Amino acid sequence: VQVLQEVVFMSLFFLFTDDAKHLVPNKMRDFFCTINLDQEEVFRTQVVEKSLSPYFGEEFYFEIPRTFQWLSFYIYDKSVLQKDLRIGKVSIKKEDLCNYTGKENWFMLQPVDSNSEVQGKVHLELKLNELITDNGSVCQQLVVHIKECHGLPLINGQNCDPYATVSLVGPSRNDQKKTKVKKKTSNPQFNETFYFEVTRSSSYTKKSQFQVEEEDIEKLEVRVDLWNNGNLVQDVFLGEIKVPVKVLRNDSFQAWYLLQPKENGNKSSKTDDLGSLRLNICYTEDCVLPSEYYASLRNLLLKSSDVQPISASAAYILSEVCRDKYDAVLPLVRLLLHHHKLVPFVVAVAELDLKDTQYVFPNTIFRGNSLATRCVDEMMKIVGKHYLKVTLKPVIDEICESPKPCEIDPIKLREGDNVEINMENLRYYVDKVFREIVRSSISCPTLMCDVFYSLRHLAAKRFPNDPHVQYSAVSSFVFLRFFAVAVVSPHTFHLRPHHPDAQTSRTLTLISKAIQTLGSWGSLTKSKLVRLEMYKRAQGRTRIGKKNFKKRWFCLTSREFTYHKQQDKEPIFTIPIKNILAVEKLDESSFNKKNMFQVLHGEKPLYIQANNCVEASEWIEALCRVTRCNQKRLSFYHPSAFLNGNWLCCKATIENSVGCARCTADVPADTQIEIDGDRETERIYSLFTINRSKLQKLEEACGSIAVYQGPRKEPDDYSNFTIEDSVATFHTLQQIIDIVEKLDESHEKYQKKRSSSAKYGSE
């Protein structure tokens, strides 16, 4: 089976034009921007205060965990007492993202109106029948079977009460019918069939507004509108689809149709008045073939650490031909990490770094942006993000929630500030952050320890007369590139849900600068790993009732998973980490709620609803990590809930029966649980394809060096390439080019197959 997977890499920068002054006349405002997948907010920027042209300058990277239609950016005017005001938006269709990737673009802000805010899809079966009347004449009948919808938006934070209207529309007719209302669901199952008379027989004499001549069938269309039943208030439009009757002919087919905005939705004659937004978007959608197609490229990459010299390896060549090393580092590190080959590769490229003549002094070691340092950076982001939360989140929460003035720059002091008190406050924070770091050494992930152990020995071997270099080599990563960066940008590492205010940001910057100058080692402390407010289902309650779900503060440490009525209060329920048997997603149909997951332990399953899909994925990942060594992990689970005497998924009536679906991680979880090796290999193939001309140029360079070994008076085209052994490098290049060409053929066959199987209405 061919599988299509997709991932978004985003670098976003926002800027209003001066036209924004027409929106908020004569008054400076506080602005922020949200990033939405359809109608679901997944990120938001910091608030830029008192500005008409705010500059955010922030980057967001995330993998898309579900299908979507629109990537949208909403600009808000921040309000303290009232609801934040949406100024305007930029919405980009998924199909159009590739047109804007890799470059900065200005987008005009569009007005926000209910008719343009749509998401989801509808499943239809359409058929055009021919009927013979009593007198023997023939007429045509349209059968519309509306089966279900999926992914409808939340209304005021709750599942909607959707219904559909089905219409046959033409120049002189509008025959409309309506489904039943489905309560509290974003995935309604309608399963209703409607019949429409398309043409009348020539002998039909009764006058009717629906009488249509045979040739008018070209002008008829089926229209399905989705609405949220407002009860006592106005119904809310959720989206529509239109299907021309002429595409049916005498055929029958069914398909999923993406809901679209109304034709007049989001149109205004004054869109220029709203200003503009500047974005830099990088979007990739990879077609991932079955695993066996990547065997040759995968094996070639995994052997990189064994190649002598390392500069002749496939992994190193990838970094050489890519314009930005980060493009190569991201999939390369993930692939090597997945196959437990990262440490030897990092050691090999770090050793090559140390041969460089720039490292004359020990204090300059691993301070540049080489392949080795970037690989370690990316490894720390993947493996160490939960270690960061264990170590820093409690103290970062204290700084952000109970901030003390810490400004010590005389120029920036406010009236009434006492620099000595501020200095004491800053010293208190720095001491606390530093203490948490040095006490956390035993919590450091094993992989990070293995890498740092190897770097220490390499540094000591390179500078045998400097006893401190083995520590400075590690501290350059731990402090400069890891903890200090997380302190100054806690939201980027999910230590805080949103940006801190300006004064707190300044405090964090001062703390970060102090941390950058320090380096040490210490012992373990128990710290909180994750702490966030979510909804949990009251255990043992019935399915019906307003008190089924309650807002609680959840806290995850290396020893226990708890929830509390209020933040920093005693827990009202505790699950020891060793008792957790599995952590899995929960089908939305169980409680008609999105973003739910379940924690299986010795008692009843704990059902939890996260605030969005990204947050749910991160919680599942975090819980899987801390339970990875549990010996009694389950291999099977129930993807739905046990309600009214049976499991909704398999209808089994015994509550403690064995699950009906295999767990997504039925072996002890590790860093590989979040890595798809085939997708990373596909990404690397794409990079080789994009940089094919550089591969050929490097191949020519190796040939030139092999033929001519004399001195070079003029710089060559390949002077920026690292070629230590031209013969070994040439051999690897030939292998890469041969593998890429074979994968090209496989992708061409798949694209042809995909194009030939596409049909009207399919996603």
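The questions and answers below concern a predicted model of a protein chain.

Me: How many helices and strands does the secondary structure of the protein chain come to?
Reply: The protein chain has 763 residues, and buried residues make up 50% of them. Of its contacts with a separation of 6 or more, 69% are between residues 24 or more positions apart. The secondary structure comes to 14 helices and 29 strands.

Me: Which residues does phenylalanine 452 touch, not counting residues up to four places away in sequence?
Reply: Phenylalanine 452 is among the residues with the most contacts inside the largest nonpolar core. Not counting residues up to four places away in sequence, phenylalanine 452 touches Val376, Met380, Val474, Phe477 and Val478.

Me: How many residues are in the other core that lies apart from the largest one?
Reply: Among the residues of this other core are Leu128, Leu152, Val245 and Tyr257. The core lies apart from the largest one, and its number of residues is 31.

Me: Is helix 7 parallel or oblique to helix 10?
Reply: Helix 7 spans residues 419-438 and helix 10 spans residues 502-516. Their axes come within 10 Å and cross at roughly 55°. An angle is roughly parallel under 35 degrees and roughly perpendicular from 65 to 115, so helix 7 is oblique to helix 10.

Me: Is the crossing of helix 7 and helix 10 left-handed or right-handed, and how many residues of the contact are nonpolar?
Reply: The crossing of helix 7 and helix 10 is right-handed. Helix 7 makes the contact with Leu426, Tyr429, Val430, Val433, Phe434 and Ile437, and helix 10 with Thr507, Leu510, Ile511, Ala514 and Ile515. One residue of the contact is polar and no residue is charged, while the number of nonpolar residues is 10.

Me: At what angle do helix 4 and helix 5 pack, and is the crossing left-handed or right-handed?
Reply: Helix 4 covers residues 342-354 and helix 5 covers residues 371-383, with their axes 8 Å apart. The two helices pack at an angle of about 145°. Helix 4 passes helix 5 in a crossing that is left-handed.

Me: How many charged residues does the contact of helix 4 with helix 5 have?
Reply: From helix 4 the contact takes Leu342, Phe345, Val346, Val349, Ala350 and Asp353. From helix 5 it takes Leu371, Ala372, Cys375, Val376 and Met379. By class, 10 residues are nonpolar and no residue is polar, and the number of charged residues is one.

Me: Is the peptide bond from glutamine 308 to proline 309 cis or trans?
Reply: Proline 309 has its place in the loop between helix 1 (295-302) and helix 2 (314-321). The peptide bond from glutamine 308 to proline 309 has omega near -5°, and the bond is cis.

Me: Why does proline 309 count as buried?
Reply: Leaving aside its neighbours within four places in sequence, proline 309 is in contact with Glu724 and Asp725. Proline 309 and glutamate 724 are 415 residues apart in sequence, yet 7.0 Å apart in space, C-alpha to C-alpha. Buried means under 20% relative accessible area, and proline 309 counts as buried because its value is 19%.

Me: How many of the eight residues of helix 2 are buried?
Reply: The buried residues in helix 2 are Ala314, Ala315, Tyr316, Ile317, Leu318, Ser319, Glu320 and Val321. Helix 2 is mostly covered, and the number of its eight residues that are buried is eight.

Me: What is the relative accessible area of asparagine 228?
Reply: Asparagine 228 lies in strand 14, residues 221-228. Not counting residues up to four places away in sequence, asparagine 228 touches Ile155, Cys160, Asp161, Pro162, Tyr163, Asp235, Val236 and Leu238. Asparagine 228 is buried, with a relative accessible area of 7%.

Me: Is asparagine 644 buried or exposed?
Reply: Asparagine 644 is found in the loop between strand 27 (642-643) and strand 28 (646-647). Its phi is near 55°, a positive value in a residue other than glycine. At a relative accessible area of 69%, asparagine 644 is exposed.

Me: What is phi of lysine 651 near?
Reply: Lysine 651 is found in the loop between strand 28 and strand 29 (661-662). At 55% relative accessibility, lysine 651 counts as exposed. Phi of lysine 651 is positive in a residue other than glycine, near 70°.

Methods
Residues are numbered from 1 along each chain as its sequence is written. This is a predicted model: local features need pLDDT of at least 70, side-chain atom pairs count only at pLDDT 80 or more; totals for chains, interfaces and linings use all residues. Side-chain values use heavy atoms; hydrogens and water are left out. Axes are lines fitted to C-alpha atoms, for helices over the stretch in contact, and angles run from 0 to 180 degrees between N-to-C directions. Helices (H or I, at least four residues) and strands (E, at least two) are DSSP runs, numbered from the N terminus. Angles under 35 degrees count as roughly parallel, over 145 as roughly antiparallel, 65 to 115 as roughly perpendicular and the rest as oblique. A crossing is left-handed if the near helix is turned anticlockwise from the far one by less than a right angle, and right-handed if clockwise. Contact means heavy atoms within 4.5 Å. Ala, Val, Leu, Ile, Met, Phe, Trp, Tyr, Cys and Pro count as nonpolar, Asp, Glu, Lys and Arg as charged, and the others, Gly among them, as polar. A nonpolar core is a set of buried Ala, Val, Leu, Ile, Met, Phe, Trp, Tyr and Cys residues joined through side-chain atoms within 4.5 Å. Buried means under 20% relative accessible area, exposed over 50%, partly exposed in between (1.4 Å probe, protein chains only).
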